[in-house]
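Thanks for coming. I have one structure to go through this morning, and I will take it piece by piece.

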Amino acid sequence: MDPAYLFEPELRNLRRKRSKLANFHEGWLFREGAEALADRLSFIKRDFDKIVLHGADFHALSDALSESHPFFEIDAEVEIWPTEASGVDLILSNLQLHWVNDLPGLLTQIRRALVPDGFFSAALIGGTSLFELRSSLIETEERCGLAHAPRMSPMIDLPTAAGLMQRAGFALPVVDHELVRTSFSSPLKLLKDLRAMGQTNAVKAQPRQILPRAFWPIFDEVYKARFPDGSGGVTATFDLVFLSGWAPADTQQKPLKPGSAVMELRDGLNSSGS
């Protein structure tokens, strides 16, 4: 599989169009990401005048912000950052970057779109997200005698995310995550919500064969048996990964050069134990 074409753009467009036609009014996962981004932004004590919001997130991000400044909104995942969204001092991306084929390249473009000392923060689905769904699908494949196939998108982990932020040239990068555990009345209700949010499989190499009739009943049975929520439903975990960093600027704090410390490490350790 060519890593540059992990996701099928036409399939992603189809997923997005279907989610819009569904008129999904809850958007609970997008609200989780948007509220977490807004909360993190509240700790930064400065004004941002030129703002870009990136994400087809049912307006969750714009609703979560109390900013009075106008913003430019990008309502889709993009591989090439729009020129009209450049020269800005704040870029926020909500649950969009995990669908990008060339994430290292796009992060570099985003960093270049910021003015010096501009700030970028993003939420994306990664880590151990939906491990219940993934393992239930694998067990169902085995019970149906099917070969394992990529029925879910790959997830980015924290070390990889941190490396990508450094590679893109962000200053003072920070990567963290939050686990969001929720319940659904059934495994099929989880799949229905994912479909309505446009978050179903768009991997280019996904299987195209027709599944046997028994696949989904067995899947339902497996998921319910392995991940019950104690109230007749099932659990699902979303691991939201958060990236943040600054466009480099001369005014930013710089790490000390090696050998420039005024106190040796052993002196500091000795004084702390006295």
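This is a predicted model: local features need pLDDT of at least 70, side-chain atom pairs count only at pLDDT 80 or more; totals for chains, interfaces and linings use all residues.

Residues are numbered from 1 along each chain as its sequence is written, and side-chain values use heavy atoms, with hydrogens and water left out.

The protein chain has nine helices and six strands. Those are DSSP runs numbered from the N terminus, helices being H or I with at least four residues and strands E with at least two. Of the 274 residues, 47% are buried. Buried means under 20% relative accessible area, exposed over 50%, and partly exposed in between, with a 1.4 Å probe and protein chains only. Among contacts between residues at least 6 apart in sequence, 81% join residues at least 24 apart; contact here means heavy atoms within 4.5 Å.

Now the cores. A nonpolar core is a set of buried Ala, Val, Leu, Ile, Met, Phe, Trp, Tyr and Cys residues joined through side-chain atoms within 4.5 Å. The largest one has 41 residues, and those touching the most other members include Leu 29, Leu 133 and Phe 238. Helix α2, residues 28–41, gives the largest share of this core, eight residues. There is also a second, separate core of 27 residues, with Ala 85, Met 165, Phe 170 and Val 241 among them.

Met 165 takes us to helix α6, residues 158–167, where the buried residues are Ala 161, Leu 164 and Met 165. Looking down the axis of α6, these fall within an arc of 100 degrees, so they line one face of the helix. The arc is taken from the directions from the helix axis to the C-beta atoms. On the other side of α6, Pro 159, Gln 166 and Arg 167 are exposed. What do the buried residues of α6 pack against? They pack against α4, β4, β5 and β6. After α6 comes Gly 169, with a positive phi near 90 degrees.

Next, a helix pair. The axes of α7 (residues 187–196) and α8 (residues 215–226) come within 9 Å and cross at roughly 105 degrees. The axes are lines fitted to C-alpha atoms, for helices over the stretch in contact, and angles run from 0 to 180 degrees between N-to-C directions. That makes α7 roughly perpendicular to α8, a label for angles of 65 to 115 degrees; under 35 is roughly parallel, over 145 roughly antiparallel, and the rest oblique. On the α7 side the contact is made by Pro 187, Leu 188, Leu 190 and Leu 191, and on the α8 side by Trp 216, Phe 219, Asp 220, Tyr 223 and Lys 224.

Lastly, single residues. Most residues other than glycine have a negative phi. Leu 95, in the loop between β3 and α4, has a positive phi near 50 degrees. Is Leu 95 buried or exposed? Leu 95 is buried, at a relative accessible area of 1%. Leu 172, in strand β5, also has a positive phi, about 50 degrees, but Leu 172 is partly exposed at 48%.

Glu 141 lies in helix α5 and counts as buried at 1% relative accessibility. Leaving out residues up to four places away in sequence, Glu 141 touches residues including His 148, Arg 151 and Phe 215.
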